[in-house]
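Good morning, colleagues. Please bring up the structure on your screens; I shall speak about its side-chain contacts.

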Amino acid sequence: STRATELGSPLEEGTVTVRIQSDYYEGWFEFLTQRAEGGTVIHHENNTVISELTVPDEVAFDRAVSVRVDYTERGSASTEGEVEEGIPHPSAVSLINSRISEASSSNDNDQHDCISASDIDGECTLTAGTYYLDSDTTLSDDLNFDTSDGNVSFVVNGDFDIQNHDVTVTDTETENRVTYFIGGWLEAQGNSNVRTATPEPQPPRNVFIIGDQLVGSSPGAGGNGGNGGGGGTVTLEALIYAPDADFETQGNMEIIGSVIANSVDIGGNTQIVHEGVGTTIEIDGAADQIQFMHVTHNEVSVTLGT
């Protein structure tokens, strides 16, 4: 078509929907799930696979919650701000893998005695730079970031469990941020806090890019996301980008910022309050590019003379 000839390859923006109906649809599903970074859905009733391939782009945190699949509230949970469903977002997998590769070969761990590639030892304060942990990490004490001299990249090649501790951006004079690249789960429990040491919340200064799943819970959580009384509240003042992940909470939890995920299921006394309008992050990574061929079908009729 004329429109197709105007497009470059690879695509620079947009979403491509691929629909395949075939006797071998299950094989196509496995192929697209493993090789494509978008969301792929299988429909057994009509032997069809539909895959949404999204070109890397800037992502804006202009909603309280944005999900590709479903948003669910249980118990006393609620969200203050706009919620949108059925919105595909570029996968974070390639971006996280790229940062893991870069940080594993070059980082600033040796600038601080409290962090190594295998562990964070006790209470730790990190300054501007890149820090790398090569496996699942569980905090044993509070973690502080002094961003006075610049931004921080905090990269975990595995799960990151905050436990019952505080993660704080201590600098109150700049707008520098910490970006967390988490290859696996992010989990927080009890009275844990992710925040900035300013009188008012500043969610854009804590940006989480998560590859697997985000889980939050606190004491007194009801079994099926009921009202969940009891002490302890998990507080996250942050922007959360987890388009490949399912986000589930129970108990007492407050998120001040914005959540982008595959799905969101909040229970107990979870509250999401939108802040962070105007903040964007760039999603890059060569594996996310969509390349295609322009193909034209022409029918030619030939009449042979005698």
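I begin with helix α3, residues 93-105, where Glu102 and Arg99 lie three residues apart and are therefore separated by about one helical turn. Please note that this is a predicted model. The side chains of Glu102 and Arg99 form a salt bridge, at 3.9 Å from N to O. Glu102 has 45% relative accessibility and counts as partly exposed; Arg99, at 22%, is also partly exposed.

In total, the structure contains six salt bridges. One of them joins Asp265 to Arg74, with an N to O distance of 2.6 Å. This pair connects distant parts of the chain, 191 residues apart: Asp265 belongs to strand β24, while Arg74 sits in the loop between β6 and β7. Asp265 is partly exposed at 24%, and Arg74 is partly exposed at 21%.

Are Arg205 and Asp171, by comparison, buried or exposed? Both are buried. Their side chains meet in a salt bridge of 3.0 Å, N to O, which links two loops across 34 residues. Salt bridges with shared partners also join Asp62, Arg63, Glu82 and Glu84 into one network.

I turn now to the aromatic rings. A search of the whole structure gives six aromatic pairs. Among them, Phe145 and Phe154 are edge-to-face, with centres 5.7 Å apart and planes at 75°. Phe145 is buried, at 0% relative accessibility, and Phe154 is likewise buried at 0%. Tyr180 and Phe208 are stacked instead, at 4.0 Å between centres and 5° between planes. Tyr180 lies in strand β18 and Phe208 in strand β21, 28 residues apart, and both are buried. Ring pairs connect Phe145, Phe154, Phe160, Tyr180 and Phe208 into a cluster.

Methods. Residues are numbered from 1 along each chain as its sequence is written. This is a predicted model: local features need pLDDT of at least 70, side-chain atom pairs count only at pLDDT 80 or more; totals for chains, interfaces and linings use all residues. Side-chain values use heavy atoms; hydrogens and water are left out. Rings of Phe, Tyr and Trp (its six-membered ring) pair if their centres lie within 6.5 Å; planes under 30 degrees apart count as stacked, over 60 as edge-to-face and the rest as tilted. Buried means under 20% relative accessible area, exposed over 50%, partly exposed in between (1.4 Å probe, protein chains only). Helices (H or I, at least four residues) and strands (E, at least two) are DSSP runs, numbered from the N terminus. A salt bridge is a side-chain nitrogen of Lys or Arg within 4 Å of a carboxyl oxygen of Asp or Glu.
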